[in-house]
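This briefing accompanies the sequence and model displayed below.

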Amino acid sequence: MVKSKRKLPPPPQWQSIILPLLAGILHLRVFHYALFHCILHSYFATTPSSSKSSSSIIASTTSTTISNQEFLHKCFTLDFLIFIAYIFDLLCCKLRIIPFSRVRNPKDIFGHHMPTLLLALPLAIPLWGNYRSLELNSLSILDNLKDDGAIIGNTSPHSLSQLRADLISGYTLASGFAYISSLNEVFMCFQRVEMSLQGVDSFRDVGQMKHRMFTSRTAVYVELCYKLCFFWGLSIVACKACCDFDWVLFQYITASTSGIDGSIWRTLLTLYSSPAALRGALFRAFSIVMYPSMGSRCFNKIKQHHQEGKLVKTA
C-alpha cells in the first residue's frame, strides 16, 4: 500500500511578496515621519531651558525656530506620504493582492482609506497650500504680523507669537498622533509577506508556518497591544491636540478687533469654516464613534491570544 504524499503549498508568486513588502515600507515611512518629525520634534522644540520661564517656552522656541515654509512643508510631506501609502494599498487590491494579513475582503481597505483620501487629506490643502481665501484665520496667525508681542484686541492674554506657536504645536501633534497608527499597517503588511512566503493565505493558519517572525506569538502580542494603545490612548492625545488647535482659533476670532460681534454661534461658524478645524472635528467624531468598540475587540483578541498561549504550554 502506497502512502499518499503530503500536498505541498503552491510556490509563492512574487507579486504576493513584493507588493505587501513595498506597502509595509511606505507605511513605515509614514510612521517614521509622524513620530520623529511631528511628535518628538514638537516636544523637543518646546522643552524649557533653565533660563526661560514656562510661560515663554513656546513663544521663544517654536515660533522662532520654525518658519511658515518649514511648518507648511511638514504638513504637506506627512499628507503626501499618507496619500502615496493609501493609493498603493488600493492599487494592490486592484491587482487582487491584499497587503494586510488580517483583511480578507478588499472592500474593508477601501472603506478605511477612502474617507482619508476624500475628506481628511483634501481638507488640509488650504493650509499647506497657503490658500488664504479658504484658511484665513490660521494663515493670519502663522504670518504673525504683530510679532512684537502685542496683545490681540483687549480681551486675550496671549500674544500673536504664542498663539502662532500653539497653533503649530496643536496641528503638528494632532496629525502626528493620528497617523502614528500606520505602525498597525506595517505589522500586517510584513505578516502578509511572511505568510505569502510559506503559502499561507489566512491569518488563522499562521500556526502551521515553520518560520515565524512577524507572526510569532510575541510579535502578535506587540501588534495587538499597540493597536489597543492607539485606540484607547494615542487617539485621545490626538483629539486633545485637535481641541488645542481649535482653542487657538477661538481665541484669535473672539479677540480680533475686526472679528465677530460676540455671538458664540457665529464664532463657532467662523471657526469651523476653517478646513483644518473641520478636519480635526471629523477625526474626533470618528474616534468617538469607532475607536471604543475597536479597542474593545482588540482587547478581546489579546485575551484570546493569551488563552491560546496557555493551551499551547499545557499541551
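The cover over the buried residues of H6 includes helix H4 (68-94), helix H5 (106-128), H7 and helix H9 (217-255). Here, buried means under 20% relative accessible area, exposed means over 50%, and partly exposed lies in between, with a 1.4 Å probe and protein chains only. Helices (H or I, at least four residues) and strands (E, at least two) are DSSP runs, numbered from the N terminus.

The model is predicted: local features need pLDDT of at least 70, side-chain atom pairs count only at pLDDT 80 or more, and totals for chains, interfaces and linings use all residues. Residues are numbered from 1 along each chain as its sequence is written, and side-chain values use heavy atoms, with hydrogens and water left out.

**Overall fold**

- The protein chain has 11 helices and 0 strands, and its elements run α-α-α-α-α-α-α-α-α-α-α from the N terminus on.
- Of the 315 residues in the protein chain, 47% are buried.
- Among contacts in the protein chain with a separation of 6 or more, 72% are between residues 24 or more positions apart; contact means heavy atoms within 4.5 Å.

**Helix H6 and its surroundings**

- The buried residues in H6 include Ser138, Leu139, Ser140, Ile141 and Leu142.
- After H6 comes Asn144, which has a positive phi near 50°.

**H6 against H7**

- Helix H6 (residues 136-143) and helix H7 (residues 160-179) have axes that come within 8 Å and cross at roughly 120°. That makes H6 oblique to H7.
- Axes are lines fitted to C-alpha atoms, for helices over the stretch in contact, and angles run from 0 to 180 degrees between N-to-C directions.
- Angles under 35 degrees count as roughly parallel, over 145 as roughly antiparallel, 65 to 115 as roughly perpendicular, and the rest as oblique.
- The crossing of H6 past H7 is left-handed, a term for a near helix turned anticlockwise from the far one by less than a right angle, with clockwise being right-handed.
- From H6, Ser138, Ile141 and Leu142 meet Leu163, Arg164, Leu167 and Ile168 of H7. By class, this contact of H6 with H7 has 5 nonpolar, 1 polar and 1 charged residues.
- In this classification Ala, Val, Leu, Ile, Met, Phe, Trp, Tyr, Cys and Pro count as nonpolar, Asp, Glu, Lys and Arg as charged, and the others, Gly among them, as polar.

**H6 against H9**

- The axes of H6 and H9 come within 10 Å, crossing at roughly 85°. H6 and H9 are therefore roughly perpendicular to each other.
- Asn137, Ser138, Ser140 and Ile141 of H6 meet Phe245, Val248, Leu249, Tyr252 and Ile253 of H9. The contact of H6 with H9 has 6 nonpolar, 3 polar and no charged residues by class.

**Nonpolar cores**

- The largest nonpolar core has 57 residues, of which Val30, Leu78, Ile82, Ile109, Tyr179, Ile180 and Phe283 touch the most other members. A nonpolar core is a set of buried Ala, Val, Leu, Ile, Met, Phe, Trp, Tyr and Cys residues joined through side-chain atoms within 4.5 Å.
- Another core, of 22 residues, lies apart from the largest one and has Leu72, Leu160, Val248 and Ile253 among its members.
- Ile82 is in contact with Val30, Thr116, Leu121 and Tyr179, leaving aside its neighbours within four places in sequence.

- Ile302, found in helix H11, is buried, with a relative accessible area of 12%.
- Between Ile302 and Val222 there are 9.8 Å in space, C-alpha to C-alpha, although the two are 80 residues apart in sequence.
- Ile302 is in contact with Tyr221, Leu224, Cys225 and Leu228, leaving aside its neighbours within four places in sequence.

**Loop residues**

- Most residues other than glycine have a negative phi.
- Arg96, in the loop between H4 and H5, has a positive phi of about 65° without being a glycine. Arg96 is exposed, with a relative accessible area of 78%.
- Asn130, in the loop between H5 and H6, is not a glycine but has a positive phi of about 60°. Asn130 is partly exposed, with a relative accessible area of 44%.
- Ser202, in the loop between H8 and H9, is buried, with a relative accessible area of 16%. Not counting residues up to four places away in sequence, Ser202 touches Arg104 and Met195.
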